[in-house]
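Colleague: I have a few questions about how the terms we use apply to this model. Could you take me through them?

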Amino acid sequence: MITVDTKNELNTLRELRTKECFPIVNRGKLWYDCLTAEQISELNDWYFAWLNVTETKVIPTKPEWLDKKLSREEITW
């Protein structure tokens, strides 16, 4: 995890959340239907950690499987 120490970086954290998190969690039902229960749980934890990033100042670590899932799905579509 990367820790952010200054309050001046809150806007940076919000922008990073918008770029890194929202495009993934705002996918459609078909994408979510391809996830296992464990992946959904891990994705929920990651999402809520991003929602709390301005309070915790800790950038959440992306689930390891996520990049592979996105690459496979994007190539297929």
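Modeller: Gladly, and please keep in mind that this is a predicted model. Let's start with the largest nonpolar core, which has 14 residues. Ile24, Trp31, Leu43, Trp46, Trp50 and Leu66 have the most contacts inside it. Two or more residues come from each of α2 (22-25), α4 and α6 (66-76), and α4 gives the most, with three.

Colleague: What makes Trp31 count as buried?

Modeller: The cut-off for buried is under 20% relative accessible area. Trp31 has 5%, so Trp31 is buried.

Colleague: Why is the pair of Trp31 and Tyr32 called edge-to-face?

Modeller: Two values settle that. Rings pair if their centres lie within 6.5 Å, and planes over 60 degrees apart count as edge-to-face. The ring centres of Trp31 and Tyr32 are 5.1 Å apart and their planes stand at 90°, so the pair is edge-to-face. A search of the whole structure finds three aromatic pairs.

Colleague: Let's move to Gln39. Where does Gln39 lie, and why does Gln39 count as buried?

Modeller: Gln39 lies in helix α4, which spans residues 37-51. Its relative accessibility is 16%, and buried means under 20%, so Gln39 counts as buried.

Colleague: What makes the approach of the Gln39 side chain to Thr36 a polar contact?

Modeller: The distance is the thing to check here. A polar atom of the Gln39 side chain lies 2.9 Å from the backbone nitrogen of Thr36, and the limit for a polar contact is 3.5 Å. Leaving aside neighbours within four places in sequence, Gln39 is also in contact with Cys34 and Trp65.

Colleague: Asn44 is found in helix α4 too. Why is Asn44 called partly exposed?

Modeller: Asn44 has a relative accessible area of 37%, which lies between the 20% and 50% limits, so Asn44 is partly exposed. The C-alpha atoms of Asn44 and Val25 are separated by 8.7 Å, with the two residues 19 apart along the chain.

Colleague: Why is Lys57 called buried?

Modeller: The relative accessible area of Lys57 is 17%, and the cut-off is under 20%, so Lys57 is buried. Of the 77 residues of the chain, 30% count as buried.

Colleague: How do you know which parts have the lowest and highest confidence?

Modeller: The mean pLDDT of each element tells us. Confidence is lowest in strand β1 (residues 2-3), with a mean of 54, and highest in α4, at 97. The mean over the chain is 86, and 83% of its residues reach 70 or more. Where pLDDT is low, the predicted coordinates should not be read in detail.

Colleague: What pattern does the chain follow along the sequence?

Modeller: The pattern is β-α-α-α-α-α-β-α, with six helices and two strands in the chain. Among contacts between residues at least 6 apart in sequence, 62% join residues at least 24 apart.

Key
Residues numbered from 1 in each chain as written. Predicted model: local features only at pLDDT ≥ 70, side-chain atom pairs only at ≥ 80, totals over all residues. Heavy atoms only, no water. Helix = DSSP H or I, 4+ residues; strand = E, 2+ residues; numbered from the N terminus. Buried < 20%, exposed > 50% of the residue type's maximum accessible area, 1.4 Å probe, protein only. Polar contact = N/O pair within 3.5 Å; in protein donor to acceptor, adjacent residues only side chain to side chain. Contact = heavy atoms within 4.5 Å. pLDDT = per-residue confidence, 0-100. Core = buried A, V, L, I, M, F, W, Y, C linked by side-chain atoms within 4.5 Å. Phe/Tyr/Trp six-rings, centres within 6.5 Å; stacked < 30°, edge-to-face > 60°.
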